[in-house]
Structure formats: structure tokens, C-alpha cells
Amino acid sequence: RPPAPMKLRDSPSACPSLWRSLPCPPAELRLDLPGGVWAGPDVPVCGRWWESSPGAWTGVLGGRVWTLRQDPDRLWYTVYGEEEEEDGRPAEAAKPDGAETDQILRDYFQLDVGLSALYCAWGAADPLFRKVAGDFPGVRVLRQDPVECLLSFICTSNNHISRITAMIERLCQAFGRRLCRLDARPFHAFPSLSALAGADAEARLRALGFGYRAKFVSGSARAIVEGLGAEGLHRLRAAPYAEARRVLCALPGVGAKVADCVCLMALDKAEAVPVDTHVWRIARQRYGAALGGRSLTPRAHQEIGDFFRGLWGPRAGWAQAV
């Protein structure tokens with residue numbers, strides 16, 4: 001018989017032995033800001049987190065389901081096993097190693113990057129940043145899985161956030177491995193490249209409402225499988241920004257903005273500044289930068305990115321996220 005659904009653990013008072021915590025003051029991370037750490041440019045952050053109860057966020061990270069909470073100086077988390085006993089406690093084999101899960105969260109939130117010092121430097125260089133920064137403390141760029149980040153961003157073209165969220169959820173339910181059920185809600189891992197590169201993947205994605213994006217999602221998955229592979233995509237983390245961007249832009253459905261989003265959020269290119277018409281307008285109207293001519297050409301993308309890199313420095317993409 002299938003395992004019983006688990007109960008959501010929404011605070012450390014529920015099964016305290018199953019929670020761990022990391023030191024993390026609010027100036028370094030704020031989970032509770034709308035549009036903050038959980039939202040990238042035009043897309044809910046990959047990982048599919050949602051506020052499962054007031055002050056608790058549940059989502060999928062690294063093929064596991066997590067619930068996170070924050071108190072004034074610590075980040076609390078619990079990880080659910082794939083198989084659990086009927087009382088909702090994990091089976092012995094499912095208990096994750098604490099040092100390993102601590103490191104997964106540190107890596108995901110990039111907690112080794114001191115955010116307070118960066119806010120000070122950006123504010124000193126840019127009075128407009130200084131004016132808004134006080135309302136948006138603790139906004140970090142997450143370090144996401146490159147495959148999940150890339151294929152999720154391909155879904156964003158000419159789309160709005162609630163529809164993107166629903167599409168990515170349908171994608172995971174149809175192609176991803178089921179991880180567990182929490183309060184009868186199923187959770188799935190993000191699909192593998194091979195699942196999305198299959199011969200019938202495009203037709204199945206069209207049936208799920210992906211429209212023209214179906215060709216790009218399955219086409220990019222196939223191009224990666226047949227080309228650099230998932231490992232090669234991960235290795236772009238060590239490549240220069242310009243090279244990573246060029247490789248991404250050669251994939252079906254990937255333009256300059258999607259490439260920059262993936263470079264920033266998954267490939268360790270903190271200098272990548274995703275540019276769309278909104279960012280272009282801000283550069284012209286608020287910063288008086290006469291950049292890019294009359295339309296958003298590849299040259300305009302480069303010039304606007306260079307302008308903000310000159311203003312904010314080597315982590316310009318992080319500053320833009322604020």
C-alpha cells in the first residue's frame with residue numbers, strides 16, 4: 001500500500017527533533033518580504049516555494065521537500081523523507097544528514113556572501129539605491145540548479161507569474177519523480193533532462209498548455225543531452241560570464257534576458273544584469289543613461305548591463321534584485 005500522507009510541520013514546536021537551524025540575522029536574509037528572495041525577474045523562484053502557513057515556506061530543493069521558518073536571528077528548517085511512518089515521523093533511512101542539509105541551505109542562499117556590507121557599498125555608490133534599500137533588507141540571489149532554472153525561465157516568455165507557476169507545477173507532476181505527500185498535497189522533483197528530451201515530450205507539453213514554449217523546453221533539453229550534458233551546464237559556473245552567456249543563447253528559446261537570468265541565478269555570474277524594457281526605462285529615466293537607441297537590441301542589453309556593472313560593481317546583478 002502507498003505510504004500515508006505526512007503532516008506538514010509548520011514550526012519547530014511540531015517535532016522539535018526534526019528541525020535544525022542556522023545563524024542568520026534579518027539583514028542577511030528576509031523570507032517574509034513580498035517579491036523579495038522568493039521572486040526573480042518575472043518568475044517565481046525555481047524550487048516552487050509557497051507560504052504553507054503564516055511565516056512558514058515549503059518547497060522542493062535538491063530532490064527533497066523542505067519547510068523553512070525564520071526567527072530574529074536564526075533560519076529554521078525541516079526536511080521530509082520520501083518514505084515516512086504512519087505517525088508522520090521519518091523512517092530511519094529517510095533521515096537526512098544534518099551537516100549535509102546545513103550545507104545545501106548555505107549554498108542555496110549563498111550565506112557566505114555578506115549582504116550588509118554589499119548594501120553599504122551599493123548605497124555609497126548610488127543615492128537611488130540608498131533611498132529604496134531600507135524598505136528591502138535581506139534580498140539575496142539564490143543559487144539554483146542550472147537545469148531547473150534554465151527550463152523554468154524558458155516558460156516565462158510572454159507570460160505572467162500565476163500562469164508560469166501553474167505551468168511549472170504541471171511540468172513537474174507530468175514528468176518529475178513523486179517525492180511525497182504533505183497533508184495529501186503531492187510534491188514532485190523537477191524533471192530530468194532525459195524525461196523532457198523524449199520523442200513525445202513536446203506533444204505532451206503542448207497538451208499541458210505550454211503552447212509554442214513546448215518546442216523550446218523539449219528542444220533545449222534535447223540540445224543539452226546531445227551536447228554539453230547536465231554536467232557541462234554545471235561546469236559553466238567556472239566559465240567566464242561572456243562564454244556562459246554565449247553557450248546559453250545558442251539554445252532554443254533562450255535570448256539575452258533569459259541567458260542573463262540563468263547566469264545570475266544558477267551559474268555564479270553575480271555581474272549578470274538581466275535587462276528588459278522595464279530595466280531599460282529605469283536606466284534612461286532615473287539614471288539619465290542615454291543607452292540602447294530606440295529598441296532593446298543585443299547591443300543595448302550589453303550597454304545597459306555595462307552601465308549598471310560600472311555603477312554597482314562585480315555583484316551588480318544582486319543589486320538589481322533589490
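Let me begin with residue classes: Ala, Val, Leu, Ile, Met, Phe, Trp, Tyr, Cys and Pro count as nonpolar, Asp, Glu, Lys and Arg as charged, and the others, Gly among them, as polar.

This is a predicted model, in which local features need pLDDT of at least 70 and side-chain atom pairs count only at pLDDT 80 or more, while totals for chains, interfaces and linings use all residues. Residues are numbered from 1 along each chain as its sequence is written, and side-chain values use heavy atoms, without hydrogens and water.

I turn to the helices, which are DSSP runs of H or I, at least four residues, numbered from the N terminus. The axes of α4 and α11 come within 10 Å and cross at roughly 150°; axes are lines fitted to C-alpha atoms over the stretch in contact, with angles from 0 to 180 degrees between N-to-C directions. The two helices are therefore roughly antiparallel, the term for angles over 145 degrees. In α4, P146, C149, L150 and F153 make the contact (heavy atoms within 4.5 Å) with V258, C261, V262, M265 and A266 of α11. By class, that contact has nine nonpolar, no polar and no charged residues.

Helix α11 (residues 256–266) also meets α10 (residues 241–249), their axes coming within 9 Å and crossing at roughly 130°. Y241, A244, R245, L248 and C249 of α10 face A256, A259, D260, V262 and C263 of α11 in this contact. Here the classes are eight nonpolar, no polar and two charged residues.

Finally, the lining of the second largest pocket comprises 13 nonpolar, six polar and six charged residues.

Definitions and conventions:
Angles under 35 degrees count as roughly parallel, over 145 as roughly antiparallel, 65 to 115 as roughly perpendicular and the rest as oblique.
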